[in-house]
There are 2 protein chains.
Amino acid sequence: MTAHKKFEEITLRTEPIFKGKIISLQVDHVQLPNGETATREIVKHPGAVAVIPLLDDKMIVVEQYRKPLEKSQVEIPAGKLDAGEEPLQAALRELEEETGYRSEHVKHVSSFYTSPGFADEIIHLYVAEQLIKGEARPDEDEFLECEAITLEEAQQYIRDGRISDAKTIMAVYAWQLYRLTGQI
Amino acid sequence: MTAHKKFEEITLRTEPIFKGKIISLQVDHVQLPNGETATREIVKHPGAVAVIPLLDDKMIVVEQYRKPLEKSQVEIPAGKLDAGEEPLQAALRELEEETGYRSEHVKHVSSFYTSPGFADEIIHLYVAEQLIKGEARPDEDEFLECEAITLEEAQQYIRDGRISDAKTIMAVYAWQLYRLTGQI
């Protein structure tokens with residue numbers, strides 16, 4: 001990706017606020033293009049991966065509790081990048097940990113920022129086909145349940161709000177486009 | 001949306017960390033389904049709206065600098081909900097402020113969480129058609145530039161990384177599906 005700098009905001013000072021296990025928070029004091037100053041509240045995140053696992057005419061999804069939403073959600077398998085880990089390796093690792101499936105047919109779909117207004121989190125999204133069944137082994141503080149759903153079920157889950165996160169809705173759109181155009 | 005509580009994590013204590021102009025941060029100490037405890041770093045956000053503005057065979061997008069990414073990005077018009085504001089009203093307001101366009105033909109596409117692992121931000125996404133040209137009037141600390149792009153240009157922007165945020169990639173997929181199926 002080429003970095004475009006139109007309307008650049010110059011950092012005058014960075015105020016560290018919090019350093020947690022997963023995210024950190026800082027407030028940047030910036031100079032705007034008109035010379036005025038402003039503050040920007042910025043969450044730093046290590047980045048993440050997500051996988052669209054396709055098994056015959058179904059997609060493998062995982063249900064887990066999302067504390068920020070105070071409800072459980074059905075999502076495609078995903079997880080944070082470990083330090084120094086390549087996104088593709090992370091995607092294969094998360095797929096196997098969360099679902100038990102492995103694949104040698106994995107393709108990059110896109111990489112996207114989830115909340116560019118206040119966070120630098122990027123998700124690298126892959127599609128995995130020709131899945132090989134193994135055994136799931138989630139992290140010790142990770143409680144989740146796998147399910148294989150059809151495209152029609154996925155669309156119904158979106159209408160019901162059981163699927164309601166950006167990456168999974170994007171995955172369902174990408175899967176439908178793949179069906180219609182043969183391209184992903 | 002029905003709230004599902006599978007694998008619920010019970011809040012033992014909430015530690016407030018930061019309260020900013022836009023986001024706030026807290027650490028929740030939780031009890032997991034197995035009785036163990038853990039911490040969850042949670043960003044609270046007021047929620048946002050985004051609009052897919054379709055004008056003939058083009059979509060109106062805005063380029064702006066995204067400080068968390070340290071680059072400018074091309075995105076669909078979007079913005080935070082004001083206190084007490086209805087999402088549809090916010091969508092019409094942001095569309096007009098950022099692009100100058102108004103519309104009486106606006107439809108809800110979906111509402112999604114951007115980063116359910118660490119944030120409660122929800123974006124309500126609309127499509128706006130039959131646009132009426134007025135005058136843009138962005139907020140005083142908002143510097144942006146509008147452009148009308150074709151579907152093919154949008155897809156090229158994704159490949160180039162000029163479009164690389166979840167809501168805009170989702171918007172391009174939804175627009176392509178709309179072209180192919182007549183439904184959005």
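**Reading salt bridges and burial in a predicted model**

Guide: In this predicted model, the side chains of B:K6 and A:E145 meet in a salt bridge, with 2.5 Å from N to O.

Visitor: Where in the two chains do the partners B:K6 and A:E145 lie?

Guide: The pair crosses between chains: B:K6 belongs to the segment before β1 (10-19) of chain B, and A:E145 to strand β12 (residues 144-150) of chain A. B:K6 is partly exposed, with a relative accessible area of 33%, and A:E145 is likewise classed as partly exposed, at 36%.

Visitor: How many salt bridges does a search of the whole structure find?

Guide: Over all chains, the search finds 28 salt bridges. One of them joins B:E70 to B:K67, whose closest N and O atoms are 2.9 Å apart. Here B:E70 is partly exposed, at 30%, whereas B:K67 counts as buried because its relative accessibility is 4% and buried means under 20%.

Visitor: Which parts of chain B does the pair B:D82 and B:R93 tie together?

Guide: The side chains of B:D82 and B:R93 meet in a salt bridge of 3.6 Å, N to O. B:D82 lies in the loop between β7 (78-80) and α1 (87-99), and B:R93 lies in helix α1, so the bridge ties together parts that are 11 residues apart in sequence. B:D82 is partly exposed, at 43% relative accessibility. In chain A, salt bridges that share partners join A:D82, A:E85, A:R93, A:E94 and A:E97 into one network.

Visitor: Which residues gather in a patch of negative charge on the surface?

Guide: A patch is built from residues that have no salt bridge. In this case B:D56, B:D57, B:E147, B:E152 and B:E153 form the negative patch. B:D56 is found in the loop between β4 (48-55) and β5 (58-66) of chain B. This residue counts as exposed because its relative accessibility is 77%, and exposed means over 50%. The C-alpha atoms of B:D56 and B:Q73 are separated by 23 Å, the two residues being 17 apart along the chain.

Visitor: Is A:Q64 buried or exposed?

Guide: A:Q64, in strand β5 (residues 58-66) of chain A, counts as buried, at 8% relative accessibility. Leaving aside neighbours within four places in sequence, its contacts include A:K71, A:F143, A:L144 and, from chain B, B:F7.

Visitor: What percentage of the residues in chain A is buried?

Guide: Buried residues make up 56% of the 184 residues in chain A. This chain has three helices and 12 strands. Among its contacts between residues at least 6 apart in sequence, 55% join residues at least 24 apart.

Terms used
Residues are numbered from 1 along each chain as its sequence is written. Chains are lettered from A and ligands numbered from 1 in the order in which they are written. This is a predicted model: local features need pLDDT of at least 70, side-chain atom pairs count only at pLDDT 80 or more; totals for chains, interfaces and linings use all residues. Side-chain values use heavy atoms; hydrogens and water are left out. Patches are made of residues with over 30% relative accessible area and no salt bridge: like charges are joined within 9 Å, nonpolar side chains (Val, Leu, Ile, Met, Phe, Trp, Tyr) within 5 Å. Accessible areas come from the Shrake-Rupley method with a 1.4 Å probe; for residues, only the protein chains shown count as cover. A salt bridge is a side-chain nitrogen of Lys or Arg within 4 Å of a carboxyl oxygen of Asp or Glu. Lys and Arg count as positive and Asp and Glu as negative; His and the chain ends are not counted. The place of a charge is taken as NZ of Lys, CZ of Arg, CG of Asp or CD of Glu. Helices (H or I, at least four residues) and strands (E, at least two) are DSSP runs, numbered from the N terminus. Buried means under 20% relative accessible area, exposed over 50%, partly exposed in between (1.4 Å probe, protein chains only). Contact means heavy atoms within 4.5 Å.
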